[in-house]
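Biologist: Could you walk me through this model? I'd like to go place by place and ask as we go.

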Amino acid sequence: MSEPILTVDGMSASIGGQQVVESVTFEVPSTGITAVLGRNGVGKTSTLRGILGLIKRQGRVTLAGDRIDHEPTHKIVRRGIGYVPEDREVFASLTVAENFALAERQAAPRREFVAELFPDLVARSKQMAGTLSGGQQQMVSVARALLNDNRLLLVDEPTKGLAPRIVGEVADALEEASHTVPMLLVEQNLEVVRRLATDAIVIDSGRVVHRGDAKELLDDAALTKRLLGVHGEAPAGEAHA
Ligand SMILES: Nc1ncnc2c1ncn2[C@@H]1O[C@H](COP(=O)(O)OP(=O)(O)OP(=O)(O)O)[C@@H](O)[C@H]1O
Ligand SMILES: [Mg+2]
């Protein structure tokens, strides 16, 4: 087992003086997708924002062995953590190409890789991002993070609110991208988790209440139901390879 790309050790975080993440400890392996699961409002987004230093946090966080918990966000981002926020923020009144250009922070952005992954967006490069479908906007949001050579991506609920067919397309893109960069992925759609995630952590009331193999968790219907209030079995006839 190689060194984890990210370690989070006893991280707490607060918003406006109110603690929303309480001493969470987990690791993100250097390959594959680690899912962050949990009911609404338990602190999943806040965990990502704490790692990025977007909200006040305490505790120890390392990226590839280097401590980042005292660094400002711009330094952490420059070390190579890409963020795809919840609710896919794109520049609605700019074109797809302009959205991409504004995201490029390296001398040699990975334009070919992104073009291969999202041919549909290349075809729409002159279209205003605000006129794209929700799924296409999500692809723009993911593509922007992939243009840079990141060591880790933090991706927050990329399939939220998308039509079922589009969920599969976004999952395809994330799966392909995960072969080049490890991800910490907040995802409520357990079919997507089953398909993509190698590892999983479950958060409840700001604390990590479970860590382990993602499929083992989802295969344990009683545990999944207890932790998430839903069951994780793949529905019959909906296997999406
Ligand atoms: N800007 C804010 N101001 C005050 N409280 C906030 C703010 N953002 C989040 N919180 C609170 O912090 C807690 C954790 O929220 P967070 O968004 O991290 O949860 P989440 O697990 O991502 O939820 P969701 O599933 O709805 O995305 C919640 O109780 C929420 O009300
Ligand atoms: Mg959230």
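Modeller: Let me start with Gly206, which is found in the loop between strand 9 and strand 10; helices (H or I, at least four residues) and strands (E, at least two) are DSSP runs, numbered from the N terminus. This is a predicted model, in which local features need pLDDT of at least 70 and side-chain atom pairs count only at pLDDT 80 or more, while totals for chains, interfaces and linings use all residues. Residues are numbered from 1 along each chain as its sequence is written, and chains are lettered from A and ligands numbered from 1 in the order in which they are written.

Biologist: Is Gly206 buried or exposed?

Modeller: Gly206 counts as buried because it has 21 C-beta neighbours inside 10 Å. The cut-offs are 20 or more other C-beta atoms within 10 Å of a residue's own for buried, 12 or fewer for exposed, and partly exposed in between, with C-beta atoms placed from the backbone.

Biologist: And what is Gly206 in contact with, leaving aside its neighbours within four places in sequence?

Modeller: With those neighbours left aside, Gly206 is in contact with Gln19, Val20, Val21, Glu22, Val42 and Gly43, where contact is taken as C-beta atoms, placed from the backbone, that lie within 7 Å.

Biologist: What about Ser205, what is its phi near?

Modeller: Ser205 has a phi near 45°, a positive value in a residue other than glycine, and it lies in the loop between strand 9 and strand 10. Ser205 is partly exposed, because 13 other C-beta atoms lie within 10 Å.

Biologist: Which loop holds Glu157?

Modeller: Glu157 is in the loop between strand 7 (152-156) and helix 7, and its phi is near 45°, a positive value in a residue other than glycine. Glu157 is buried, with 21 other C-beta atoms within 10 Å.

Biologist: Changing topic, which residues are around ligand 1?

Modeller: The residues around ligand 1 are Ile15, Gly16, Val20, Gly38, Asn40, Gly41, Val42, Gly43, Lys44, Thr45, Ser46 and Glu86; a residue is near a molecule if its C-beta atom, placed from the backbone, lies within 6 Å of it. Val20, Val42 and Gly43 in that shell are also among the contacts of Gly206.

Biologist: How does that shell split by class, and what gives the most to it?

Modeller: The shell around ligand 1 has 3 nonpolar, 7 polar and 2 charged residues, where Ala, Val, Leu, Ile, Met, Phe, Trp, Tyr, Cys and Pro count as nonpolar, Asp, Glu, Lys and Arg as charged, and the others, Gly among them, as polar. Helix 1 (residues 44-51) gives the most to this shell, with 3 residues.

Biologist: Okay, helix 10 next: which of its residues are buried?

Modeller: In helix 10 (residues 221-228) the buried residues are Thr224, Leu227 and Leu228. They lie on the same side of helix 10 because they cover an arc of only 75° around the axis, the arc being that of the directions from the helix axis to the C-beta atoms. On the other side of helix 10, Ala222, Lys225 and Arg226 are exposed.

Biologist: What covers the buried ones?

Modeller: The cover over the buried residues of helix 10 includes strand 3 (33-37), strand 9 (199-204), strand 10 (207-213) and helix 9 (214-219). Just after helix 10, Gly229 takes a positive phi of about 75°.

Biologist: Where does Met11 sit, and what does it touch?

Modeller: Met11 is found in strand 1 (residues 6-15) and is buried, with 22 other C-beta atoms within 10 Å. Not counting residues up to four places away in sequence, Met11 touches Val21, Val24, Gly50, Arg57, Gly59 and Val61.

Biologist: Last one, what is the mean pLDDT of the chain?

Modeller: The mean pLDDT, the predictor's confidence in each residue from 0 to 100, is 93 for the chain, and 95% of its residues reach 70 or more. Over residues 237-241, however, the pLDDT is below 50, and beyond near neighbours in sequence this stretch has 4 contacts in the model.

Conventions
Two residues are in contact if their C-beta atoms, placed from the backbone, lie within 7 Å.
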